[in-house]
Amino acid sequence: MTTALPQGILETFQPSQDGATEDMVVNIGPQHPSTHGVLRLVTTLDGEVVKAMEPVIGYLHRSKEKMAETRSYFQYQPTIDRVEYLSSFYDHYVYVTALERLAGLSVPRRVQYLRMITMELNRITSHLLWFGTFLLDLGASSPFFYAFRDREKIFSLLESITGARMMYNYYRFGGLNQDAPPGWLDEVRRVINELPHRFDEYEAIVNKNPIILDRCVGVGIVDKPTLLAYGVTGPSLRASGVAQDLRKTNPYCCYDEVDFDVPTQTVGDVYARYVVRMGEMRESLRIVHQALDQIPGGDTAQINALRAEYQAIADTVDAAKKRVALAKKAEQTPSPDDVAQAAIPAPELDFDSRFQGAKINLLTWKPPAGEAFAQVESPRGMLGCYLISDGSPKAYRVKWRGASFSNLSILPSMMVGNLYPDLMAIFGSLDVILPEVDR
Amino acid sequence: MLLVWAFLVYGAIATLAQAAVIFMVLMERKALAWLTQRKGPNRVGPAGLLQTLADGVKLLFKEDIMTPGQNKVLFTLAPALFLFPVFPLFALIPFTDYLWGVSLPTGALLLFAISSITTVAVVLAGWASDNKYSLLGGVRSAAQAISYEIPLIMAALAVCLFAGTMNLRGIVEAQQGPLGAIGWFGLYLTPVSFLIFLIASLAEVNRIPFDLPEAESELVSGYNTEYSGMKFAMYFLAEYAALFVMSALAVVFFAGGYLSPLAGVQWGDMTFGPTLAQSVGLAQWVAEATRMPSLGGLLIQLEMAFWFILKTYGFIFFAMWIRGTLPRLKPDQLMGFSWKFLIPLALINVFVVALQRFWAPPASSLAAWGAQAAANWPMALAWLLTLIVGIGGFYVASARAFSRRLNARIARS
């Protein structure tokens, strides 16, 4: 796929005329250290002042929407956690929720709470990475490593519940892949009790640093009408004074059962966006704390007993299989008893009957024909999934609405007249994830 | 014959400088790892000590890439022009009162003159690379070098006025007085010059927060974006060697050079000498016990070299610490900071130092210095004002800039 130079950018280019200074067209990206992924910003510079800018996307296009039409619903699911690779829970959440709405599946409360906890933890990891890379764009390297250090702790938590460190394929239609392992909730509480202290450390590095203040305060100011016109959502919108948060305005999961605030700022500059994101991480911790207190069920003793029971069955089956294998090896006809025992199917490990997801045969499941839309407040704003089903095992059409696309679209209008180093600060503050732009 | 001799001496100095750089690269990686709570190199050699050598071998075997649009002659010349002027600087540094390459009456001046050649190389590299990032980096480098060499030399000028000489060894010797450790220019007599010198020298060797010519998150790698293999290694080498020279210069100007930290301090009946070995009579004892006066002298020389290297690496660590702490400025902020704040401050500082030299010759003891200051109260007042301007000015300036931004924020929202 070739990408032509966008119309309009060359018209701003002024060639040298009799001693006049010459503008410079600089391609920032696709392999620029600050474009976090493959973004190309065709920029016209007059010295170091940006005169015009045009983002060119399409280098990363991975046809996620088309892939949905060629795979069964469940087969498609593992591919979508690469859409927004820093917070894949949200992609799975909207996809699974859209399907649940389509099929009218009810979701147990414990599942909703676990989804809420994992999503909020994922929001913290996403914001931590943003914090690190944003300051790296400003030239500060240490916060990057500090953020990664704390991110790893949450990754370990999420790994122990999902089996993956970044690409979580955990939610199922009507349920989850599995319940939280024993002791996991206590471990979550232990880790998140450490985090406020870390956030204090981050703010001690950043909040009073004169260089950071000089580079962030009053830079990249954008007002409410512009933001709303471009469809910007998430922290970038809340930094300009619009307290728009789907968790409050359109509660999903059990967000109406927990108490939290929506951090907002009024100024709408780079610094305000930083403050909002730091506030959001603390609010996420509040949500997780309350969710840990309120989560229903989850009696670990009961689950352990069930585990032991099913393990015993599995062991019996294994022993039988081994006997059959030994018999075959000895070239003896296995006894009918052995054959019968070996034919016992492996027990379905839905040890917690509250998880409806486990009852669906995922590979052949056909939701009814119809269409559904689900949306979630992802770390970058509103993430939506629109899904049309024709009743077959494959989706007829899936459309993603990523927050990063709008957040990137507003960049040119914020950049004109600013300095080139400001571009890095402003672009970094918008927290754009390119796979979400290019799906 | 003279040419051969000069070549040999240059080679010897270059080898010494590279040995220092090999250690500094490892030190930087270890220091940054420590600051960011990581481990740093620990695989190659014992405790990762051979890491820099491994890096060097790797760079030797890397492909030397040139793109068609580049001016091949200038592109190749630039790293050489960047590297070669750094080594003569080592010859000017007095590591001890015996170990130095050349001792010129205008040593400080020559040092600054030679070190400014590297700017030409950076501009050349930026222009010859046929890369817009490199061009921007080269232009930024020129602007930065012009802006920061003025306060740097002004700060050094204040010291030279104080010491009454531009000879680097003379400046060190001038700090060995009855005032002792507090007689070090940086800590007591010219603190404003010291601050200006620290800030401007960071900018002069392109260290964070003034690493604008190679700002990797903005200009990819600035003027050296297009360089690979050993050409890149030459830039790398020269930058670290320049950092060593700047730190050594800070030690010479402000931290007593090769003098022991106790030199000149009075303790009871004893006055500490330039080295501890002299002060406690160790050198004398060794010389008498072994009947080899040179062995005692060697001991003194070793101690002086030890103090010099220790202090120098202290300053180098300071630069690394800053790198682990601060982000990067914007070019306009960099220029503004230099022209609106550092240069006026440096001018005032030179004026005050000159006044003091005019009114009051160097005092022979701390008490005499105090009495002098009391007698010349206008001068003392001027000193106090410079101190207030110097230390308070930065905070005031940053607070004013911040409130201006804040007002802009409020006005626009």
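Mentor: What follows goes through the charged pairs, then the helices and loops around them. Keep in mind that this is a predicted model.

Start with the total. Over all chains, the count comes to 43 salt bridges. The general principle is simple: side chains of opposite charge can pair when their charged atoms come close. The cut-off used here is a side-chain nitrogen of Lys or Arg within 4 Å of a carboxyl oxygen of Asp or Glu.

Take the pair between chains. Arg215(A) forms a salt bridge with Glu218(B). The closest N and O atoms are 3.5 Å apart. This pair crosses from chain A to chain B. On one side, Arg215(A) sits in helix α7 of chain A, residues 210-216. On the other, Glu218(B) sits in the loop between α10 (191-204) and α11 (229-254) of chain B. Is Arg215(A) buried or exposed? Arg215(A) is buried, because its relative accessible area is 0%. Glu218(B) also has a relative accessible area of 0%, so Glu218(B) is buried. Under 20% is the cut-off for that word.

Now a pair within chain A. Arg238(A) bridges to Glu280(A), with the closest N and O atoms 2.3 Å apart. Arg238(A) belongs to helix α9 (residues 235-238) and Glu280(A) to helix α11 of chain A, so the pair ties together parts that are 42 residues apart in sequence. Both Arg238(A) and Glu280(A) are buried.

Helix α11 of chain A covers residues 270-294. Its axis and that of helix α6 (residues 184-206) of chain A come within 10 Å. The two axes cross at roughly 160°. Because of that angle, α6(A) is roughly antiparallel to α11(A). The cut-off for that label is over 145 degrees. The crossing of α6(A) past α11(A) is left-handed.

Chain A also holds a network of salt bridges. Its members are Arg149(A), Asp150(A), Lys153(A), Glu187(A), Arg190(A), Glu194(A), Arg198(A) and Glu201(A).

Next, chain B. Arg328(B) forms a salt bridge with Glu216(B). Their closest N and O atoms are 3.2 Å apart. Arg328(B) lies in the loop between α14 (293-325) and α15 (331-359), and Glu216(B) in the loop between α10 and α11 of chain B, so parts 112 residues apart in sequence are tied together. Glu216(B) is partly exposed, at 34% relative accessibility.

Phe194(B) is placed in helix α10 of chain B. At 16% relative accessibility, Phe194(B) counts as buried. The C-alpha atoms of Phe194(B) and Phe254(B) are separated by 6.5 Å, although the two residues are 60 residues apart along the chain. As for α11(B), its axis and that of helix α7 (residues 132-163) of chain B come within 10 Å. They cross at roughly 30°. The two helices, α7(B) and α11(B), are therefore roughly parallel to each other. Their crossing is left-handed.

In chain B, Leu2(B), Val4(B), Trp5(B), Leu8(B) and Val9(B) form a nonpolar patch on the surface. Together they have about 540 Å² of accessible area. One of them, Val4(B), is in helix α1 (residues 2-35) of chain B. Val4(B) counts as partly exposed, at 46% relative accessibility.

Finally, the backbone. Two residues in loops of chain A deserve a check. Ser63(A) has phi near 50°, a positive value in a residue other than glycine. Ser63(A) lies in the loop between β3 (49-56) and α1 (64-68) of chain A. Its relative accessible area is 31%, so Ser63(A) is partly exposed. Asp431(A) is not a glycine either, yet has a positive phi of about 55°. Asp431(A) lies in the loop between α16 (420-430) and α17 (434-438) of chain A. With a relative accessible area of 6%, Asp431(A) is buried. The helix it follows, α16(A), is mostly covered: eleven of its eleven residues are buried. Among them are Tyr420(A), Asp422(A), Phe427(A) and Leu430(A).

Notes. Residues numbered from 1 in each chain as written. Chains lettered and ligands numbered in written order. Predicted model: local features only at pLDDT ≥ 70, side-chain atom pairs only at ≥ 80, totals over all residues. Heavy atoms only, no water. Patch = residues over 30% accessible without salt bridge, like charges linked within 9 Å, V, L, I, M, F, W, Y side chains within 5 Å. Areas by Shrake-Rupley, 256 points an atom, 1.4 Å probe, with all protein chains shown as cover. Helix = DSSP H or I, 4+ residues; strand = E, 2+ residues; numbered from the N terminus. Buried < 20%, exposed > 50% of the residue type's maximum accessible area, 1.4 Å probe, protein only. Axes fitted to C-alpha atoms, helices over the stretch in contact; angles between N-to-C directions. Parallel < 35°, antiparallel > 145°, perpendicular 65-115°, else oblique. Left-handed = near helix turned anticlockwise from the far one by under 90°.
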